[in-house]
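Trainee: I would like to learn how to read a protein model step by step. Could we go through one together?

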Amino acid sequence: MKKLSFIITFVFLSILFVQAQQAKYVFYFIGDGMGVNQVLGTEMYRSELKGKIGITPLLFTQFPFATVATTFSATNGVTDSAAAGTALATGNKTKNGTLGMKKDLETKINSVAAWAKDKGCRVGISTSVSVDHATPAAFYAHQAQRSSYYNVGLDLIKANYDFYAGSDFLDPTNKKGGDGSSESLYTLVDKAGYSVARGYKDYQKKAKKSDKMILLQPSSATDVSAIPYAIDRKKGDMTLAEITRAGINFLSKDLSKGFFLMVEGGKIDWACHSNDAATAFNEVVDLDDAIKVAYEFYEQHPDETLIVVTADHETGGIVLGKGPYTLNLQALKSQKVSENDYTRIINNLRKKYKNQVSWEVIKQSLKDNFGFWDSIQLNEKQEARLKKVYDESFGGQKVDLQKSEYQQDEPLASEAKKILNDIALVGWTSGGHSGGYVPVFAIGAGAELFQGRIDNTEIPVKIAEAAGYPN
């Protein structure tokens, strides 16, 4: 009898132990385009700002479990964001450009967010870019083409998650593929019971009385495709940290259910597509700031919270060093705006001076925004490069904009960025993605599952194992 009693007690305590270790609250952070060198470069940059050689760690790089993941898709050695997002969301490889479907483009596959919902958890999907962009969409949509933005929006409604956040919808009225008769997504989300908040302050006003929420940036925003880069942020702009805080707040309305929250730092990728090192490093720091918000929650619920941080792929093939055995990353602090925002500044100068902008005015502008001839001393060749681009851009001939994946920039903005990269000794191999490893960091309940080299498809499966999601 004593032996039986002991066995029963042991089993009971074992069950309690397993339950205590299960992740009830899951945070899944994805830095789009954030390869190993994007993270390391940010930490080395932060160290140089303090006058030191080495690293000043980000919060998430100090998590106790860390590894790397492979990212190839089912059809390509170098993945795109849709296939990579699908792998991170569903645990399945698929064809580049495809969301939530196998490579046959017919078989729909559910994501870890849907698994969490099936368990009864509250679910949130959020990003710094549009809510229908590839990475967030991979968690709720089933589309053969990632660019079917209106249909992706319809899938967002069908998924019926509790919380969505991002800059906006890219095609709310189906202009791209419709005949003009499609009902607006804004109307449809309202019919589906969602409150739409425009900015964090509006969210705070509406959250308590809302059953389901879509948080978008303020109506005053001129760019619906994304919230502003961190380096360009102005008062009133929505931030990824605010999005994360809103997500936690909204999903915590009923903590007994537990929750799953995916947060994407989407513009690391955009900055890397345009090879803009200063902007990219600031975006990594901005993602870390959002992770700090989740970490505050973790500290209150350390035994029931899991935080996983990874990336969908590396972008740009960033290289830390260009030959000399040194770096000069601190030079990047002299860049005050992104390449894209400097394009806006030049456009404003064109308007102000009716396209008759003097070299002296441009020099002052470069000094103000890149530190040239001030904190950054240029040699004759570098100044000649800028003057040559200036002459070509303001000489009355047609200006050929410098195109990257998500931006079209003034040649002078592009050249200034390239020169500052050269001075910082940062190199780039392309304007696209690469097949390099991406980092994986984890802390909390089940974090020990993230050890040894893994594939991106393993990450959602490990999250499901840690949280007890049915998959």
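Mentor: We will go from the whole chain to its sheet and then to single residues.

Mentor: Please keep in mind that this is a predicted model, in which local features need pLDDT of at least 70 and side-chain atom pairs count only at pLDDT 80 or more, while totals for chains, interfaces and linings use all residues. Residues are numbered from 1 along each chain as its sequence is written, and side-chain values use heavy atoms, with hydrogens and water left out.

Trainee: How many helices and strands does the chain have?

Mentor: Helices (H or I, at least four residues) and strands (E, at least two) are DSSP runs, numbered from the N terminus. By that reading, the chain holds 16 helices and 16 strands.

Trainee: Why is the chain described as being as compact as a globular protein of that length?

Mentor: The idea is to compare the radius of gyration, taken over C-alpha atoms, with the globule rule, which is 2.2 Å times the number of residues to the power 0.38. Here the radius of gyration is 24 Å, close to the 23 Å that the rule gives for 471 residues, and therefore the chain is as compact as a globular protein of that length. The C-alpha trace spans about 95 × 60 × 45 Å along its principal axes.

Trainee: In what order do the strands of the open sheet lie?

Mentor: Two strands pair if DSSP finds at least two bridges between them. The open sheet has ten strands in the order β5-β6-β4-β3-β7-β1-β8-β15-β2-β16, with mixed pairing. Its edge strands are β5 (194-198) and β16, each of which pairs on one side only.

Trainee: Which strands does β2 pair with, and do they run parallel or antiparallel?

Mentor: Strand β2 (residues 65-70) is joined by five bridges to β15 (residues 438-444), and these two run antiparallel; threonine 67, for example, has valine 440 in β15 as its bridge partner. Two bridges join β2 to β16 (residues 454-455), and this pair runs parallel, with isoleucine 454 in β16 as the bridge partner of alanine 69. Elsewhere in the sheet, six bridges join β1 (residues 25-31) to β8 (residues 305-310) in a parallel pair, where phenylalanine 29 is partnered by valine 309 in β8.

Trainee: Is alanine 226 buried or exposed, and what does alanine 226 touch?

Mentor: Alanine 226 is placed in the loop between β6 (212-216) and α9 (240-251), and it counts as buried because its relative accessibility is 3%. Leaving aside neighbours within four places in sequence, alanine 226 is in contact with Ser128, Val129, Ser167, Gln217, Lys267 and Trp270.

Trainee: How do valine 78 and glutamine 300 read on the accessibility scale?

Mentor: Valine 78, in the loop between β2 and α3 (81-90), is partly exposed, with a relative accessible area of 36%. Not counting residues up to four places away in sequence, valine 78 touches Asn96, His433, Ser434 and Gly435. Glutamine 300 lies in helix α11 (residues 277-300), and at 61% relative accessibility glutamine 300 counts as exposed.

Trainee: What is the phi of lysine 354, and what is the phi of asparagine 355?

Mentor: Most residues other than glycine have a negative phi. Lysine 354 has a positive phi of about 55° although it is not a glycine, and asparagine 355 also has a positive phi, near 70°. Lysine 354 is found in the loop between α12 (339-352) and α13 (359-370), and asparagine 355 is placed in the loop between α12 and α13. Lysine 354 counts as exposed at 72% relative accessibility, whereas asparagine 355 counts as partly exposed at 29%.

Methods
Buried means under 20% relative accessible area, exposed over 50%, partly exposed in between (1.4 Å probe, protein chains only). Contact means heavy atoms within 4.5 Å.
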